[in-house]
Amino acid sequence: QTCALPISEALQAVARTLMAKQPTMPHVFNALMRCGHEDTQVRSATALVNMSSTPSWVWVEGALRDFIVIALLRTNSQVTKLLCTKVLFNVLVSEDRIRFIDEGVLYALKRMSALDNEEVHAVVVAGLYNLSCDERYHPALLDTGVVATLRDLAAKSTETTLRQDMALTFANLSAIRGAEQQMVREGALAAVKLLLRQRDLETRLALIRFIANASAAEDVRAALTSDTGVLPGVVLLVRSDHEELRRLGCLALANISASAATHPALAKGGAMQALIQVLDRTENPETLRLCAKTLRNVLVHHQEYSQIIVASQGIEKLVKLMETTKDVETSNHCARMCFVMGTVIDEQLLTSMIDDNIMSGLSAMAGLLDDDTAVAETMIAVANLSTHRVRHGILVEGGIAACISALASKGVMSEAFKINCSTAIRNLTTTEAARPALVNQRDRKSTRLN
């Protein structure tokens, strides 16, 4: 204790610099730390916190390993444990941290995280977050079991900054492809579900970044949408007023929807309704494209989900998107959706689509389509809609004649396309309401079939 007192009070920068030059000082501190006297340990640990933050401080061979053993096994008080954790934190921000990781610093932090002390938890998580900012340390972090550590801490901790650091660590670790399945297996989703309860923007942005990154891996998408997954949280963030949260949420749903096995969960979990709402709440081209892509992916495999679009007033919103978008990919996605919905054998559904002016949207985007399949499928949808003779007036007002002309001018002249085009024209000529629109097309050649 007599030795520890003046050492712990040597807080001046000059004194620390002089002590750092003495190669035996790490062993001196360790010797003092081995003492069972609590006050001596506290003073020695305080000095070590100060010394380990000094750039010129050097852990001589074997000294750090000895300190870790002492910190884990020979100290008892919460105060001493906290000070030892701060020393470990300082070690991990030093220039030699790569070497120190191999000496067991990460293992020691993991052990410290098991203490029932939120101040210790905060220091541990801050250290892990710092390391996660550098991709070189990701393998070491994952091998040490940092995901399980964060999972356990997420269940214990409520402090906002601490939870932010946990969320940011997950986001950083998920940025490198290949680790997603391991992270999910070790409990990342359980932690993320707990952390999603936080309402602060920084935490939520980090969490949706993690989910978007993880969803890019096909083998974890089912887990994301399972009963223990994070789909409800994603849907909540998609409905957010914050554009970046919306965009990342839509990116996650687009990735997830690439696996057909997730589609029932997306429909049941309200994802489609949330995406339809986004169509009316953003002008961000990327967000709109992701919405259209996700809805397309789901509808292609589940035509029956067209009812969800109609019931959510989605046709009107799709029409608005088709009339205003300048993005070719978005137009192609919308064309595919219209084809799927337009070929449903459901009279009521098709009538609802026509009444909600789907034709106006098809006509507006017909000129943008650059994909032969999208052009052909749009013509199929137009031909199917044209069978509703009592709605020909609405179809004409929506621009069905101009749409047929624009599609025919694309040069996609397969036999199936010609048949569908001629079918649509024939159907329209059966009613007085539609004939003038066909005659008044300036470029009549565009509707003639060779």
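This is a predicted model: local features need pLDDT of at least 70, side-chain atom pairs count only at pLDDT 80 or more; totals for chains, interfaces and linings use all residues.
Student: Let's start with α26 and α27. At what angle do they pack?

Tutor: Two packed helices are described by the angle between their axes and the distance between the axes. Helices here are DSSP runs (H or I, at least four residues), numbered from the N terminus. Axes are lines fitted to C-alpha atoms, for helices over the stretch in contact, and angles run from 0 to 180 degrees between N-to-C directions. For α26 (residues 358–365) and α27 (residues 372–385), the axes are 12 Å apart and the angle is about 150°.

Student: Which word describes how α26 and α27 lie to each other?

Tutor: Angles under 35 degrees count as roughly parallel, over 145 as roughly antiparallel, 65 to 115 as roughly perpendicular and the rest as oblique. Their angle is about 150°, so α26 and α27 are roughly antiparallel.

Student: Which residues make that contact, and how many of them are nonpolar?

Tutor: Contact means heavy atoms within 4.5 Å. On the α26 side we have I358, M359 and L362, and on the α27 side T378, V382 and L385. Ala, Val, Leu, Ile, Met, Phe, Trp, Tyr, Cys and Pro count as nonpolar, Asp, Glu, Lys and Arg as charged, and the others, Gly among them, as polar. That gives no charged residues, 1 polar and 5 nonpolar.

Student: Now α15 and α17. How do they lie to each other?

Tutor: Helix α15 (residues 201–215) and helix α17 (residues 231–238) have axes 11 Å apart and an angle of about 120°. That angle makes α15 oblique to α17.

Student: Which residues of α17 meet α15?

Tutor: By class, this contact has 5 nonpolar residues, no polar ones and 1 charged. From α15 come R204, I208 and I211, and they meet α17 at V234, L236 and L237.

Student: Is L245 buried or exposed?

Tutor: L245 sits in helix α18 (residues 243–257), and among the residues it touches are R204, I208 and L237. Buried means under 20% relative accessible area, exposed over 50%, and partly exposed in between (1.4 Å probe, protein chains only). L245 has a relative accessible area of 4%, so it is buried.

Student: How far apart in space are L245 and I208, C-alpha to C-alpha?

Tutor: In sequence these two are 37 residues apart. In space, C-alpha to C-alpha, L245 and I208 are separated by 7.1 Å.

Student: How many nonpolar residues are in the contact of α8 with α9?

Tutor: The axes of α8 (residues 105–112) and α9 (residues 118–132) come within 9 Å and cross at roughly 145°. In α8, L106, L109 and M112 meet V120, V124, L128 and L131 of α9. With no polar and no charged residues, the nonpolar count of this contact is 7.

Student: How many residues has the largest nonpolar core?

Tutor: A nonpolar core is a set of buried Ala, Val, Leu, Ile, Met, Phe, Trp, Tyr and Cys residues joined through side-chain atoms within 4.5 Å. W59, F67 and F170 have the most contacts inside the largest one. F67 touches, among others, M33, L48 and W59. The number of residues in that largest core is 146.

Student: What is the phi of N357?

Tutor: N357 is in the loop between α25 (347–355) and α26. At 29% relative accessibility, N357 counts as partly exposed. It is not a glycine, although its phi is positive, at about 70°.

Student: And what is the phi of Q313?

Tutor: Q313 lies in the loop between α22 (306–311) and α23 (314–324), and it counts as partly exposed at 46% relative accessibility. Q313 is not a glycine either, yet it has a positive phi of about 55°.

Student: Which residues does R389 touch, not counting those up to four places away in sequence?

Tutor: R389 lies in the loop between α27 and α28 (392–397) and is partly exposed, with a relative accessible area of 48%. The C-alpha atoms of R389 and T430 are 7.8 Å apart, across 41 residues of chain. The residues touched by R389 are T430 and T431.

Key. Residues are numbered from 1 along each chain as its sequence is written. Side-chain values use heavy atoms; hydrogens and water are left out. Helices (H or I, at least four residues) and strands (E, at least two) are DSSP runs, numbered from the N terminus.
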